[in-house]
Amino acid sequence: MNFLSLLGLSVVTLRHHKSRSFLTALGIIIGVMTVITILSLLEGLNRKIKEEFSTLGSSTIYIQKMEWQMGPGRHRLDFEELRKRPNFTVEDAEALAKLPSIEAAVPSIGKGAGTIKRLGNEAQNCELKGTAEGGDLTGNWVVEQGRFITREDRLHRRLVCVIGSYIAENLFGAENPVDQTLDVDGHRYLIVGVLEEKGAMFGNIQDNVVIIPVSTYLKYNPLPRGWRAIWGGLSIEALPKPGVPLEKAMADVEEQLRLLRGLRYDQDNDFGLNTQQMIMTAMQGITSTLWIVMVGIAAISLIVGGIGIMNIMLVSVAERTREIGIRKAVGARDRDIMIQFLMEAVVLALLGGLIGIIVGIGIARLVSVLVEFLDAASPWWTVVLGFGFSAAVGIFFGIYPAQKASKLNPIDAIRYE
Amino acid sequence: MAKKFRRSKGQGKGSNHEPVIRLQGLSKVYDGGPVAVEALKNINLEIYEGGYVAIMGPSGSGKSTLMHILGCLDVPTYGSYFLKGQEISRYDSDQLARVRNREVGFVFQQYNLLPRLTATQNVELPLQYAGVSVDRREKVVEKMLEMVGLAERSHHRPNELSGGESQRVAIARALANDPAILLADEPTGNLDTKTEEEIMGLLDELNEQGRTVIVVTHDDSVALHAKRTINLLDGRIA
């Protein structure tokens, strides 16, 4: 028998038992559906993470008192030691800025602003950020109108600010905010620049920011003390020169800071160097863990589905013992019978796989529509994977029943009632 | 008309003295239960090409077992079976499948047609396993059904056919690959007298065309059609 007539035979046989075939394929359908849905969503999530992080300066080094703790393998934190770590200073930033591998190094400090007023209008939940010249580079900001904070602004503790596009829109509408004033925490600032819109990152608006010279910030806002200083104190943002690898720049910064602080070779760093790359790696670690868990679940349901197929194929072999006998009596070889039943199992599994792929992509699309920040992507390889898995399950779990059918003795099979 | 279906191939090894079937010391022992049952005991038998043999005997005499061994549906425990000079009793399962497919045609009492297939598809089955092309298959099936007088019923399924018609389809199927031997195991056991005569008439005709026909029966009127009768009793040729 050739391939096509065997395929036709399988389809005819399966159609004869429509509901039984469907129920048998259900395990495969659910398994493949899970794989496709999860892979599509995770792929979408990964793409989203990459996209969102590209709004931050992805190569900026955040120099803080402690390293960001993420993902598995977290060690216990010694808060007493962390608390005693020295504060960063504006002079530290200036020293780092002189490194040949560093484009810009600026002090940075921030907090939630109380109220921001302009004439009768108010804006809530805004962020006040103190920085210096070059902070537009390290923060990945683009100045749309006017200018950014300058060295003179910082040295003279000027009451000037640069505002985010969200504040510009909400408090000034169509007006040009540059050269107008804004009241922040009871002080009146002159607006010198407006920033281009950055968009949201994981639902957080980044454009509701008021940026002022760090010196001005420190004049009105005392540095936090004690354990609050671990996170709330002055930090430094450093941007490597174009073409300088991040690792090289980080090594230079580390060496310079150790030098400034006079750390001996056997003393640990009393500061932490953080990058967006770390968050991204941690995020991808989380998604890959999810991936493994979900693929595990899907694998289990595929195995269960496969056992279902094996079970129904064994029933089918028993029911059709006589048919097998007749086929052998007219000249079917063991391998003809084997291939016939194997084909049936594989066709059944592949049909389940096909339905699973369609439903899985459908669910992923549906989730993308319902969940705003998730954009499912079903790359071609997920479809190949779905078909591959179902074919493998069909073959693996179909072999035993097919083997059993092929080994039947023709005369016993024919006499079987 | 039916002349076309005569075997055109020469006899194996080209010798007219070599029987088409030769059994030497053939025994069959069923060893499944607590007691071994010897269904066939030291059978020696020669059947020549063009023969028309009836195998008779009471039930339990081993005639069906003998038939199954002749049809390669079962294998002997001891002894040798030569078909056209080839020792079939040494063949492996693939080789036996080939013999069942091309060298012998088997007709059962129960017809044993596949219920979901039409008459045409049932007759086509041995041709499919022989790897015959679709075009050729169509022609052969048409000829076969015409020969057994069922050309108009070709698209009916077994449950739409009478017993006689089903047996005709089974005969057409048995002859599809033009085998040397036609084996019929109680072919008229389920049929009325009139239909029995029709089926036996068909077998007579096939034998007249030169085909070797072997019929198992316990019915004298069936055995009368044959040129030679072999009586079996308790697994021995009487």
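In which order do the four strands of the open sheet in chain B stand? The order is β2-β1-β4-β5, with antiparallel pairing. This is a predicted model, in which local features need pLDDT of at least 70, side-chain atom pairs count only at pLDDT 80 or more, and totals for chains, interfaces and linings use all residues. Residues are numbered from 1 along each chain as its sequence is written, and chains are lettered from A and ligands numbered from 1 in the order in which they are written.

**View 1. Overall dimensions of chain B.** Chain B has seven helices and ten strands; helices (H or I, at least four residues) and strands (E, at least two) are DSSP runs numbered from the N terminus. The C-alpha atoms fill a box of roughly 50 × 40 × 35 Å along the principal axes.

View 2. Strands count as paired if DSSP finds at least two bridges between them. Antiparallel pairing over five bridges links β1 (residues 21-30) and β4 (residues 78-83) of chain B. Opposite B:Tyr81 in β4(B) stands B:Leu23, and opposite B:Leu83 in β4(B) stands B:Ile21.

**View 3. The β4-β5 hairpin of chain B.** β4(B) and β5(B) run antiparallel and are joined by two bridges. B:Leu83 faces B:Gln86 of β5(B) across the pair. Two residues lie between the strands of this hairpin, and B:Lys84 in the turn has a positive phi of about 50°.

**View 4. The contact of α3 with α4 in chain B.** The axes of α3 (residues 119-129) and α4 (residues 134-147) of chain B come within 9 Å and cross at roughly 120°. Axes are lines fitted to C-alpha atoms, for helices over the stretch in contact, and angles run from 0 to 180 degrees between N-to-C directions. α3(B) is therefore oblique to α4(B); angles under 35 degrees count as roughly parallel, over 145 as roughly antiparallel, 65 to 115 as roughly perpendicular and the rest as oblique. Residues of α3(B) in the contact include B:Val123 and B:Leu127, and those of α4(B) include B:Val140 and B:Met144. Contact requires C-beta atoms, placed from the backbone, within 7 Å.

Definitions and conventions:
Contact = placed C-beta atoms within 7 Å.
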